[in-house]
Amino acid sequence: MKIMVAIKQVPEQEAHIHIDAESKWIDEANIQYALNESDAYALEEALRLKEMHGGEVIVLSAGPERIATTIREALAKGADRAIHIECDDLGSRDALGVARLLAASIKPETPDLILTGLQSDDLGLGQTGVILAELLDLPHVSLTLHVEKTDTGLNVKRELEGGWFQQIELPTPAVLTIQSGGNKLRYATLMGIKRAKTKEVRRVTAADLGIDSPPVAVLERVALPQKQRSTQMLSGTPKEAATALIDKLKFEVRVL
Amino acid sequence: MSGIVVVLESHNGQVSRISWEALAAAQKLASQTGLPLGAVVIGPDTETQATEASTKAVSDVIRIDHALLDQYTPDGFTHALDQFFAKDKPDYVVFPHTYQVRDYAPALAARLGRVLISDIVAIDEGPVFTRQLMQGRLAGTYRSLGSGTCFISVQAGAFRADAVESGSAQISKYSPTIEPHQIRTRPGEPFLGAAQTVDLASAQLIVSVGRGIKDADKIPVAQALATALGAELAASRPICDNGWLPMERQVGSSGHTVSPKLYLALGISGAIQHLVGMKGSQCIVAINKDPDAPIFEVADYGIVGDLFEVVPALTEAIKAAKQ
């Protein structure tokens, strides 16, 4: 099975973020970056399928020079090779524009399966995989937790709302977006990290791919969210704060 | 026709609550833009839903019925709506932001060379649409460019279903052409995942833990507080993903939606997927070491601090208060 996994580098979940001077995006200086969480699960699913059925795992990512570290991390975990779509203007492309870049890099590889995470932890649009399926004219399932190979294609478990699930059968080639939590993530081994250094990372640019996709939706301004409730902050030592909270729960909320 | 179209989703023949919220958002957009608003119901036989929708303030209700829409598939819904929009060319299409919409609306928009501005929480003059970024830490304002259709999906709880204005609309039918071979996925019957032994939905007091608990070994810290309070213990998704608490205790879009009298969030940052499941709680208390955590946006009371110091102090204080 030839599997391609589209991954994204995003600010680390614990990163302290500040809005940039133009209020267009975050100030990227001093931000630690990491592999997007659900993309890590997509990579894990790909590596497991390869271990069971053989084949190749190719990771694919679009972004500036800094994403090279995340690509190496995926290679260290066990991906065989990578494609780095070099672009410094990822933020000014919309979901369709990014998916067009990915689709153009996927097409010549003719993979059996394309995996992406469910959504990115930074923009949270949750659309890349579904748009990829449309651009490549392939069937897809989103919010996938488990993937099983069958004689005719795949049988996957899809998450529905409120604790419900569903099995779905579909032929390959196909696109799946992977929900977090379906597997336990592996760590890169020392040997894996060493091997990753010699694995192929092919670099292409948007111009190489012949993709010029002016955005049809733009992020105009970034701001701090409006508070939905007025919060009383309780300060002091842990004991003082706890005592203050008990008073509130007793006399204001009346739940004690 | 141009104008605004809201696509209502239904379950078991009934229009879902979040669809009425999307209709409320669409009515707001209609009053801002002065455009006519139509409602679409889609399925194998949408008579009941159409009748329900026709009592609202919309100019018309369109039934998109086809036997192959009996079970939801992204191919079926995308084909049917694509054909309808090709004829109708709406300026705006408004969806509820559900798992189903997330599964097909991005493909539908892409087919028309457009994108979905997903999971919006506000509509302002322009129109511009606000959606959350960085897991709810920031808010971003989006604008649609060009002359094509603008697709938006509306976050659960962002607009009020009871704000939908009533009216009387005529119902018409649209029959799409769908061939069986165009539907490439074969969905099975939905099934419930975990055994349901707790009833979080009707719990009055909930103590909920998130990533801040750090380790499975530390769950008893939260359990002790829940026991002292007489509360149910719940969790955000990562805790259940890690197997530290069973899936049935998960609160959020993939778990339960709760609205207790008191929701105590311990070490929960407040990602969107969690907030949609608990922001209807009467009183929310957040304890988190990060003062910028989005959970504080929805909290009535907040304590910034180390939960391993604050929670035991709180447990002791509750025991003392109850004596």
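**Helices across the two chains**

Author: Gladly! Helix H4 (residues 128-136) of chain A and H4(B) pack with their axes 8 Å apart, at an angle of about 45°. This is a predicted model, where local features need pLDDT of at least 70, side-chain atom pairs count only at pLDDT 80 or more, and totals for chains, interfaces and linings use all residues. Residues are numbered from 1 along each chain as its sequence is written, while chains are lettered from A and ligands numbered from 1 in the order in which they are written.

Reader: Which orientation class does H4(A) have relative to H4(B)?

Author: Axes are lines fitted to C-alpha atoms, for helices over the stretch in contact, and angles run from 0 to 180 degrees between N-to-C directions. Angles under 35 degrees count as roughly parallel, over 145 as roughly antiparallel, 65 to 115 as roughly perpendicular and the rest as oblique. The angle here is about 45°, so H4(A) is to H4(B) oblique.

Reader: How many nonpolar residues are in the contact of H4(A) with H4(B)?

Author: Residues are in contact if their C-beta atoms, placed from the backbone, lie within 7 Å. A:Val130, A:Ile131, A:Ala133, A:Glu134 and A:Leu135 meet B:Asp103, B:Pro106, B:Ala107, B:Ala110 and B:Arg111. Ala, Val, Leu, Ile, Met, Phe, Trp, Tyr, Cys and Pro count as nonpolar, Asp, Glu, Lys and Arg as charged, and the others, Gly among them, as polar. The contact of H4(A) with H4(B) therefore has three charged, no polar and, for the class you asked about, seven nonpolar residues.

Reader: Is the crossing of H3(B) and H4(B) left-handed or right-handed?

Author: The axes of helix H3 (residues 74-88) of chain B and helix H4 (residues 99-111) of chain B come within 9 Å and cross at roughly 40°. A crossing is left-handed if the near helix is turned anticlockwise from the far one by less than a right angle, and right-handed if clockwise. For H3(B) and H4(B), the crossing is right-handed.

Reader: What is the bridge partner of A:Met233 in S18(B)?

Author: Strand S13 (residues 232-233) of chain A and strand S18 (residues 301-304) of chain B run parallel, joined by two bridges. In S18(B), the partner of A:Met233 is B:Gly302.

Reader: How many residues does the contact between the chains take from chain A?

Author: Chain B gives 74 residues to this contact. Its side divides into 39 nonpolar, 19 polar and 16 charged. From chain A, the contact takes 68 residues.

Reader: And within chain B, what distance separates the centres of domain 1 and domain 2?

Author: The bounds come from an automatic or database domain assignment, which gives domain 1 (4-182) and domain 2 (200-322) of chain B. Their contact takes seven residues from domain 1 and ten residues from domain 2. Taken over C-alpha atoms, the centres of these domains of chain B are separated by 34 Å.

Conventions:
Contact = placed C-beta atoms within 7 Å. Pairing = 2+ DSSP bridges. Helix = DSSP H or I, 4+ residues; strand = E, 2+ residues; numbered from the N terminus.
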